[in-house]
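The following questions and answers treat the terms used to describe a protein structure. Please study the structure first.

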Amino acid sequence: MNKRALPDTTSMNEPESKRQKAEILNNGPSKTSSNGPSITKDEADLYDRQIRLWGMEAQQRMRQAKILVAGVSGLSNEICKNLVLSGVGAITILDAGIVDEKDLGAQFFLRKSDVGKNRAEAICARVQALNPRVLVKAVNAGVQTQPDAFFGEFDVVCLCNYDLTSQIRVDAICRTSGSKFYAAGTNGIMGYIQCDLKEHSYTETRKSSEKEDAVTTTSEKSATYPSLKDIQDGRWEAADLKQLSRKQLRAMKQELDPVYFAFSVLWQFRNDHGRVPIPGQESDVDSLFKTRDSYMQARGCDPAFLPDELLRTFAETSGAELSPVCAILGGFAAQDILRVLSGKDAPLFNFFAFNGEQSTGNIIKVPRAVKTTIVATEVESIDLD
C-alpha cells in the first residue's frame, strides 16, 4: 500500500495548520505565487477558523478561485454573501435584468433607490463591501448572449433560477472547459441545487472511533458525474406504481423526491410557454398537469408520483422568493462550492431537493440508474495517541 505524509489540508492535523500560519505571520505578506495570489498575514488572521478546519492549502485554492454567479435573486444574494465572506479570489455577477419593486423583497443587497438599474451593477458594490480582498465584478448581460469561451474563464459556474435549456448549454461548455457547474433555484417554499463536476477528486478523513486511541484514515477519492443532458434523457422504470411491490415502492420513495419532478415539469412548462405559471390562473395549472403526464410518462415514471396538490402549490407560488428558503439553499450551495474548491470531503451527488412545506431536504442521485462511481485510495492511517 502506497503511503505518504498526511496533507497539510487535513482538518484533523491542526498543529500543521498552526505551523503554516505561524510561518506566514513571521514572514509577513506573501508574494504572488505562480498559481495566483497567496495568503497574506492579514488573511491568515481573518480566515483563521477556516484554515483550522480545511488547512492552508485548501484556503489557498479558494483564494485563487474565480467564480461566476449568473442571475441576481434572493438565492444568488445568499450564495455571493457566503462565498465572498469565505475569501474566494474573484466573483463575477452576471445579469441583464432591471431592478423592479418586487426584487426588493428577498434581495438584501438592493435598495429602493436601485429600482430601474441593472441588477448585477446594483448589488456589485455592496457585495464587494463585505470583503474588499475579493475581486467582485458585474456584467450587464445574460447567459444566453455570452460566448462559450466566457464560461471557460471560471473555476466554478453557478446559474440561479435559469431555464433548463440554458443550464444544459452551460453545463456542456463547462464539461469541455473543465469548470465545475452548479444550478440552483427556488419556487416559493420549494428549491433545488444540482451539479455536474464531471470528474472530481477529493480527500476524505475518517476516525475509527471517538476514543482517544482512535485511528484516523485519510483516503483520496474521485467521483464521476453524469451531464445534465444525460440526466434529462434518463428513464426511471416505474411506469405504474400499482405494479410495484411494497418493497419496490418504499425503495423508490427513498431514492426519489417529487420535488425533483416538480421542477422538471416547471422547466418544461417554461420551455413551452416562454414564462413561468401565473399564480391564480387555472389554465396554467391545467397545463402543468398535462405537462406532468406527458413528461413523466416519456421518462418511464408514473405521473401519480407527483401529486396534483404539490404541483398546484408550485403554480400558486411561481416566481415567489422567500428569504428563509433562499438562505437555506444559498448556504447549502455555497458550502458545497467551497467544499469542491478545497478538495476536502465528498460534495453533492448530484441533486438536492428542498421541500419547505415538509421542512425536508433530500439528496438524490439522478437519473435513477446512476450509481456513484467512486475510486478510493488510502493515503495514510495514523494513531492519534
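**Helices, strands and their contacts**

Helix 6 (residues 119-130) lies across strand 2 and strand 3, running at about 175° to strand 3. This is a predicted model, in which local features need pLDDT of at least 70 and side-chain atom pairs count only at pLDDT 80 or more, while totals for chains, interfaces and linings use all residues. Residues are numbered from 1 along each chain as its sequence is written, and side-chain values use heavy atoms, with hydrogens and water left out.

Q: What makes helix 12 oblique to helix 13?

A: Helix 12 (residues 282-298) and helix 13 (residues 308-316) pack at an angle of about 130°, with their axes 10 Å apart. That angle makes helix 12 oblique to helix 13. Angles under 35 degrees count as roughly parallel, over 145 as roughly antiparallel, 65 to 115 as roughly perpendicular and the rest as oblique. Axes are lines fitted to C-alpha atoms, for helices over the stretch in contact, and angles run from 0 to 180 degrees between N-to-C directions.

Q: Which residues of helix 12 and helix 13 meet?

A: From helix 12, E282, V285, L288, F289 and R292 meet D308, L311, R312 and A315 of helix 13; contact means heavy atoms within 4.5 Å. The residues of this contact divide into five nonpolar, no polar and four charged. Here Ala, Val, Leu, Ile, Met, Phe, Trp, Tyr, Cys and Pro count as nonpolar, Asp, Glu, Lys and Arg as charged, and the others, Gly among them, as polar.

Q: Why is strand 1 called mostly covered?

A: Four of the five residues of strand 1 (residues 66-70) are buried, where buried means under 20% relative accessible area, exposed over 50% and partly exposed in between (1.4 Å probe, protein chains only). In helix 13, the buried residues are L310, L311, T313, F314 and A315.

Q: How do you know that strand 1 and strand 2 pair?

A: Two strands pair if DSSP finds at least two bridges between them. Strand 1 and strand 2 (residues 90-94) have five bridges, in the parallel sense, and V69 stands opposite I93 in strand 2. Strand 5 and strand 6 also pair, in the antiparallel sense over seven bridges.

Q: Why do strand 3 and strand 10 stand at the edges?

A: The open sheet of eight strands has the order 3-2-1-4-5-6-9-10, with mixed pairing. Strand 3 (135-139) and strand 10 (360-364) each have a single partner strand, so one side of each is left without a neighbour in the sheet.

Conventions
Helix = DSSP H or I, 4+ residues; strand = E, 2+ residues; numbered from the N terminus.
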